[in-house]
Amino acid sequence: MPIRDEDGACLPGVTSEDDGVKGGLNGIDNGRLAFDHVRIPRENLLNRYGDVAADGTYSSDIPSPGRRFFTMLGALVQGRVSLDGAATTGAALAEYIAITYGNQRRQFDSGTGTDEVVLLDYGRHQRRLLPRLAQTYAQFFAHDQLLRTFDGVFGGAHDTPAERENLETLAAALKPLSTWNALDTIQECREACGGAGFMAENRLVGLHHDLDVYATFEGDNNVLPSWSASVCSATSRSSSPGRMPRPWPATPSDRPPARSSTARGSAGSASPSPTSDRPRVRSSWVCAPSSSTSCWPAASSRW
Ligand SMILES: Cc1cc2nc3c(=O)[nH]c(=O)nc-3n(C[C@H](O)[C@H](O)[C@H](O)COP(=O)(O)OP(=O)(O)OC[C@H]3O[C@@H](n4cnc5c(N)ncnc54)[C@H](O)[C@@H]3O)c2cc1C
């Protein structure tokens, strides 16, 4: 489908526009393209799951509109796996910067006339960074499992409908947790580096800006968990003796199906559920704070 003429100008009926400066990720161009009374040959449709005949009749191998919709959204699984890894690496990078800083930066002595102590000798500082470090490790372990599942399905070794559904459910569950946790961790690391953390050259502010939209694209973080939860609860109900499976949303034919697309499609607002909850990750869920509540350095408490 030609969009521009030989001089680079948009063809009649086609308009394009850059999105302008964004809150982050400005190394990537985003824009919009609009068509007004432009005829596109029906052979040029992205018609993996549906077709339009010469007489205008629509047909699809997937009869249920809901099932068709979720089948196409399944193409987003690759993006969700990638975001999970990128967010986890972003959190690890922020931890690395903040822990290095905390291990070198000295503030005050311990009241005994000794040398000033490093920030990481303060209990408060440890509790800000170390539980999040543990959580970042846990995220890497989870991401490794996700990658193995992804490889099994897309590499063909375990390309079954059940494994595809498992992969999509796992990706939809992990992407919100890891991206929200990365934002939370980066902000805490930024503050843990004080004023230096706010300097662009120390990367934390830019990292937060770039990862901000990770909560939104490739499936909004508030919507994805309702997908995973519905699949898990349907699975658990079906495996409970004496209980019938009640797949989400409404009928079995509308349930998020297993699928085999590799195409990239539209992102996002996948779930019709009006009641998604925000399971924002708190580091305290993973690692309980230590018993000490002092904000002053514990004697020789280098961790
Ligand atoms: C930088 C950038 C790059 C992008 N790149 C791509 C791309 O390459 N390909 C692509 O296809 N898309 C892309 N997108 C679009 C992106 O996937 C959507 O912005 C995202 O899916 C959210 O949709 P929306 O903006 O329409 O928000 P809305 O749907 O208007 O959502 C607004 C708010 O309402 C909430 N909400 C919406 N629906 C529900 C619901 N059912 N239940 C509960 N809450 C709900 C959301 O959680 C959100 O908080 C990109 C967006 C950005 C910002």
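1. A word on burial before anything else: a residue is called buried if 20 or more other C-beta atoms lie within 10 Å of its own, exposed if 12 or fewer, and partly exposed in between. Take Phe140, which sits in helix α3. Because 16 other C-beta atoms lie within 10 Å of Phe140, this residue is partly exposed. Please keep in mind throughout that this is a predicted model.

2. Now the overall layout. The chain has seven helices and four strands, and along the sequence they run β-β-β-β-α-α-α-α-α-α-α. Of its 303 residues, 31% count as buried. Among the contacts with a separation of 6 or more, 68% are between residues 24 or more positions apart.

3. Which residues touch the most other members of the largest nonpolar core? They are Ala94, Ala98, Ile186 and Cys189, in a core of 21 residues. Two or more residues come from each of α2 (77-104), α3 (123-154), α4 (161-192) and α5 (204-212). Helix α2 gives the largest share, eight residues. Another core lies apart from this one, with 18 residues that include Val81, Phe150, Val153 and Trp227.

4. Ala94 deserves a look of its own. Leaving out residues up to four places away in sequence, Ala94 touches Thr185, Ile186, Cys189, Leu204 and Leu207.

5. Ala98 is another of the residues that touch the most other core members. With residues up to four places away in sequence set aside, its contacts are Leu129, Cys189, Ala192 and Cys193.

6. On to the helix pairs, starting with α2 and α3. Their axes come within 9 Å and cross at roughly 155 degrees. An angle over 145 degrees counts as roughly antiparallel, and α2 and α3 are therefore roughly antiparallel to each other. The crossing of these two helices is left-handed. On the α2 side the contact includes Val81, Asp84, Ala92, Glu95 and Ala98, while the α3 side includes Leu129, Arg132, Phe140, His143 and Phe150. Sorted by class, the contact of α2 with α3 has eleven nonpolar, seven polar and three charged residues.

7. Back to Phe140 for a moment, as one of the α3 residues in that contact. Phe140 and Ala92 are 48 residues apart in sequence, and their C-alpha atoms are 9.2 Å apart in space. Recall that Phe140 is partly exposed.

8. How do α2 and α4 pack against each other? Their axes are 8 Å apart, at an angle of about 25 degrees. Angles under 35 degrees count as roughly parallel, so α2 and α4 are roughly parallel to each other. This crossing is left-handed. The residues of the contact divide into 16 nonpolar, seven polar and five charged.

9. From α2, the residues making the contact are Ala87, Gly90, Leu93, Ala94 and Ile97; from α5, they are Leu204, Leu207 and Leu211. By class these are seven nonpolar, one polar and no charged.

10. Leu25 is partly exposed because 15 other C-beta atoms lie within 10 Å, and Arg203 is partly exposed with 17.

Note on methods: Residues numbered from 1 in each chain as written. Predicted model: local features only at pLDDT ≥ 70, side-chain atom pairs only at ≥ 80, totals over all residues. Core = buried A, V, L, I, M, F, W, Y, C linked by C-beta atoms within 7 Å. Contact = placed C-beta atoms within 7 Å. Axes fitted to C-alpha atoms, helices over the stretch in contact; angles between N-to-C directions. Parallel < 35°, antiparallel > 145°, perpendicular 65-115°, else oblique. Left-handed = near helix turned anticlockwise from the far one by under 90°. Nonpolar A, V, L, I, M, F, W, Y, C, P; charged D, E, K, R; others polar.
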